[in-house]
Amino acid sequence: MSIPHITTQTNLATDFVPSLLAERPVISARHVNFAFGEGDLQKQILFDVNLEVGSGEIVLLTGPSGSGKTTLLTLIGALRKVRDGELDVLSRPLHHATLEDLVNVRREIGFIFQQHNLLPFMTARQNVQLMFHLHPEVSTHEAAKRTVDLLTSVGLGERLDYYPARLSGGQKQRVAIARALAASPRLILADEPTAALDSQSGRDVVNLLQELARNQKCPILMVTHDPRILDVADRIVNMEDGRVHSVEG
Amino acid sequence: MPSSFFVAWCQLSHSRVKLTVAAAGVVVAVMLMLVQLGIRQGAMDNSVAVARRVTADLVVVSPRTKTIFASAQFPRRLLYRLGSHPDVTVISEMYMGQGRLRNPWNKLEFPVSLYGLDPGSAMMNLPGIEKYESQLNDIDRVLYDGLSRKNYGPIRQYLETHETLDVEVNFRKVRIVDSIEVGISINTDGNLFTSSANFLRLFPDRNPGAVDLGLIRLKPDADLVAVKKVLQPYLGKEAKVITRQELIDAETVFIRENAPIDFIFGMGAAIGFFIGFVVVYQILYTEVTNHLPQYATLKAMGFSDRYLLFVVLNQSIILAMLGYFPGFVLALGLYRIATKAIQMQFSMTVERAVFVFLLTVIMCGFSAMIAIRKVRTADPADVF
């Protein structure tokens, strides 16, 4: 997380773009359709969605509400089963996955929600450290150290043992980000992480995401309506009526 | 410490009030179960107390009744036949009846159990009765059970400072020579012991040839079962010879089948179980419901259903532990109070402690099982 490190990143972006593209994409959706309900009541949400997100990319997903952004995000996050079409996430075909496979994929993804959804009965530190339960290969000592590092890096080093009720909205969202990053995810999915925040905390959160994600070379797919944060994107995917409408960048 | 246990503890202990209420519910449940089952056992034990006091090797009873408290008599002459068996050393008869003892202070009559036996070879565990053999063989002399209820007046205290006390039993003046400590039961408020002859004087209508119980002492090396088999034909169909243990078992079965002890106290214990179940279920259910979005979030991040089930299950086990031990101590206190108040012995047994502990764990676990169904409905896709 040092300055020279970021410099090499810039070089990577310019010099090695061909080789990056040659890598397998982290997310690859091909002809994905999705519908809620059965029979006559069936309502199709996604129509023939194609999307690729490569390593290290920040992709924003925008569009009016009801356009299917969140549904697409839940499919990619292995929270719903893919029924029609093909979807590979982290090189795993989710269209063939069992529930157990889905749970395993989830463990490699960092989720950030509109609501922070921290456990109110555990402190910031405990909330973050809980994530390491999913990664028993990390020793307890190491987990404790990384928890403190993460919370410090999101600016909460002074509030490790605060319960969520005593943190502001922005601080809670930052704990949630630290939690999402705790177990070194290989993909970050965020659903309007700034919606519940004022403009300054929203900007802080996005900057933080951008910085931490770049350092860990981990792609971000973010659903957002917030025009103030569009500048962080490598690409902006616009959705409308369940279809990918346009791609910018 | 497993992490699901840690999460469970954090969740439960976050609100001290909620934790206290939940634990108090379990405490009440544990206490109720222990006390009800304790009283049940106490009442049972007391009911068979007379049978347990028998120290004879074999006992002769009438085949017509199931319990010695409502015994049908059998002919005394049958007992004389048994003496011909080489292993039989002592035979003695016992008469039992309900009389009325008049409280010498307030002149009121209260029912009392009377036992007529041979004070020299009572073959009953009546501590110290041998000392009074010669006195009890005198006319109208009785021995008082010092543990009788207070209905009869302060007889025991009186005897500490006086030699004897004259009282009225069944309209006849008798002299209490002393008191010994035996113990009363659910069937009786007080006991008087005397010789067979004195017993028959108190019950002039009783046929002296009809006895309630025959007590047989065998040679120390005799084979109980074998002798019993040989003796039975001596008695024909009019009397039955059984071992001491068979007598106790028969009494226990009789109480079980005829007294509502099991039902009344079993019901009390069941209510305790139900109270605990409802309280724990309510607490766990609201905990789960209030935190459903957080649970769904954990699922979205890769925690399995199993993990969350363990979080809820661990909460129920913590509640079981927090409730059991205070409940246990309270129950011990109540046993002590009840023993004094009812003058019946209530005591904690390891079996009951373990049994109620298991019931408590089952009660809490069962509540958790039902509350857990809600966890499954936490859909990670709803978090977005």
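These exercises work through helix packing, the chain interface and salt bridges in a predicted model.

Residues are numbered from 1 along each chain as its sequence is written, and chains are lettered from A and ligands numbered from 1 in the order in which they are written. Local features need pLDDT of at least 70, side-chain atom pairs count only at pLDDT 80 or more, totals for chains, interfaces and linings use all residues, and side-chain values use heavy atoms, with hydrogens and water left out.

**Exercise 1.** Describe how helix 2 of chain B packs on helix 12 of chain B.

Solution. Take the elements from DSSP runs (helices: H or I, at least four residues; strands: E, at least two; numbered from the N terminus). Helix 2 spans residues 16-47 of chain B, and helix 12 spans residues 305-342. Next, the geometry: the axes lie 7 Å apart, at an angle of about 45 degrees. Axes are lines fitted to C-alpha atoms, for helices over the stretch in contact, and angles run from 0 to 180 degrees between N-to-C directions. Under 35 degrees counts as roughly parallel, over 145 as roughly antiparallel, 65 to 115 as roughly perpendicular, the rest as oblique. Helix 2 of chain B and helix 12 of chain B are therefore oblique. Now list contacts (heavy atoms within 4.5 Å). Helix 2 of chain B contributes residues including B:Val26, B:Val30 and B:Gly38, and helix 12 of chain B residues including B:Gly323, B:Pro326 and B:Leu334. By class, this contact has 19 nonpolar, three polar and no charged residues.

**Exercise 2.** Classify the packing of helix 11 of chain B against helix 12 of chain B.

Solution. Helix 11 covers residues 292-300 of chain B. The two axes come within 9 Å and cross at roughly 140 degrees. The pair is therefore oblique. B:Tyr295, B:Leu298 and B:Lys299 of helix 11 meet residues of helix 12 that include B:Asp305 and B:Gln315.

**Exercise 3.** Characterise the interface of chain A and chain B.

Solution. Start with residues: 25 come from chain A and 22 from chain B. Then area: about 2300 Å² is buried, 74% of it on carbon and sulfur atoms. Buried area is the accessible area (1.4 Å probe) that two parts lose on being put together, summed over both. In chain A, A:Phe113, A:Asn117 and A:Phe121 lose the most area to chain B, together 26% of what that side buries.

**Exercise 4.** Locate the salt bridge between A:Asp88 and A:Arg30.

Solution. Apply the rule: a side-chain nitrogen of Lys or Arg within 4 Å of a carboxyl oxygen of Asp or Glu. The N to O distance here is 3.2 Å. A:Asp88 sits in strand 4 (residues 84-89) of chain A, and A:Arg30 in strand 1 (residues 27-36) of chain A, 58 residues apart. Over all chains, the count is 27 salt bridges.

Key. Ala, Val, Leu, Ile, Met, Phe, Trp, Tyr, Cys and Pro count as nonpolar, Asp, Glu, Lys and Arg as charged, and the others, Gly among them, as polar.
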